[in-house]
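Try each task before you read its solution.

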Amino acid sequence: MVAREAVRQCVVREATNGATVQVVEVSADGKEAWRKTVYLAHLRSPRWWSRQMALRANRETEEEWAWEAREYLRKLSIGKPVWVLEYGEVRDNEVVAEVYLDAQLKVNLAAAVIRGGYTILAGHYQLVNMKDPKRQRYHTEVTAAQDEAKRKRVGMHAQGGKAVAKGKKVQFNPSDREVAGLIETYKTKELKAIVEYVISDTLLSMYLPETRTFLVVQLSGLQRKKAGDLAAATEDEQALWSQCHRDAQETTNRLLMHRDVLLHLDALMPGNQDRRDGARVLGTVAKVGDKTGEKRLWQEYLLRAGLLAYSRGQGVQRRHSEQFAKAEEAAKAKQAGRWKYY
């Protein structure tokens, strides 16, 4: 039986690939007490090439099943409480561990991914002897999961063990013309998207599964204070605005990072020409409630909290302009966030 003091209860914030998650332990007062990148013990996932890695390696693809493995683990774990039994550190803030989806340590996350045929057992980065009696249950469970996946020929084990290539290559740096084509094709439709990275309070790196495309999305209708506004502001106002920008980015990171959202492509962002990281697009993002299914525009959420200001000329769709304006007026009436001195 595992000693209870050795187990940390955390929340999964990110799934990096099919065998790696980032977890956070929150203290009783709501503060982040422990954040680690966790390698699921004894797993080897097909390699997922991030946008930055692909650019450095001059490639625009990933190993077969890499994306499917990451997506399977993300949907199993993102935002959920997990119980982490740490083996030891690989590097600073990176550990190898057993991860479970229940407090009784019966629902093994690694075994679930292996059973789906998305990862395989590996012998490196283990930091532990699997003959150790303390780890025997875990070893038996993940081995049995892999045997089951092979027997059923699922995922990577389909076609007698040969991995099956899935779909077209991921597109990392679409040109202005390609993005304009996407906007025209989907002008009446919201696309399912995944928030891959929160670049700033108004700028997101997003992935569109339907088109296998990465896009940098500027949230339509939001603006930061201009240099002239800052120059005329008091020190207290400047400090407040800076804090609101940080809070907007942190809130977006906490609630949207690696989450499924709906994206409407509003317009091509001006000044895109010859960007090394591809074209950027103005877009409207909607978050769908996990339990209620209620759809809420993310711009409206940030405006109503008073964290950012509304800009009518920033690619806003006509049907949303009044909604955004009312959200900002409500924040002003409450003197919320940046409107404290309003």
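The charged end of Arg8 sits over the ring of Trp34, at 4.3 Å from the ring centre. The test is that NZ of Lys or CZ of Arg lies within 6 Å of the ring centre and within 35 degrees of the ring normal. This is a predicted model, where local features need pLDDT of at least 70, side-chain atom pairs count only at pLDDT 80 or more, and totals for chains, interfaces and linings use all residues. Residues are numbered from 1 along each chain as its sequence is written, and side-chain values use heavy atoms, without hydrogens and water.

**Exercise 1.** Classify the ring pair of Trp65 and Tyr118.

*Solution.* Step 1: recall the rule. Rings of Phe, Tyr and Trp (its six-membered ring) pair if their centres lie within 6.5 Å; planes under 30 degrees apart are stacked, over 60 edge-to-face, the rest tilted.
Step 1: apply it. The centres of Trp65 and Tyr118 are 6.1 Å apart and the planes are at 70 degrees, so the pair is edge-to-face.
Step 2: Trp65 lies in the loop between helix H1 (51–57) and helix H2 (66–77). Helices (H or I, at least four residues) and strands (E, at least two) are DSSP runs, numbered from the N terminus. Tyr118 lies in the loop between helix H3 (109–115) and strand S7 (120–121), so the pair ties together parts 53 residues apart in sequence.

**Exercise 2.** Is Trp65 buried or exposed?

*Solution.* Step 1: buried means under 20% relative accessible area, exposed over 50%, partly exposed in between (1.4 Å probe, protein chains only).
Step 1: Trp65 has 8% relative accessibility, so Trp65 counts as buried. Tyr118, at 18%, also counts as buried.
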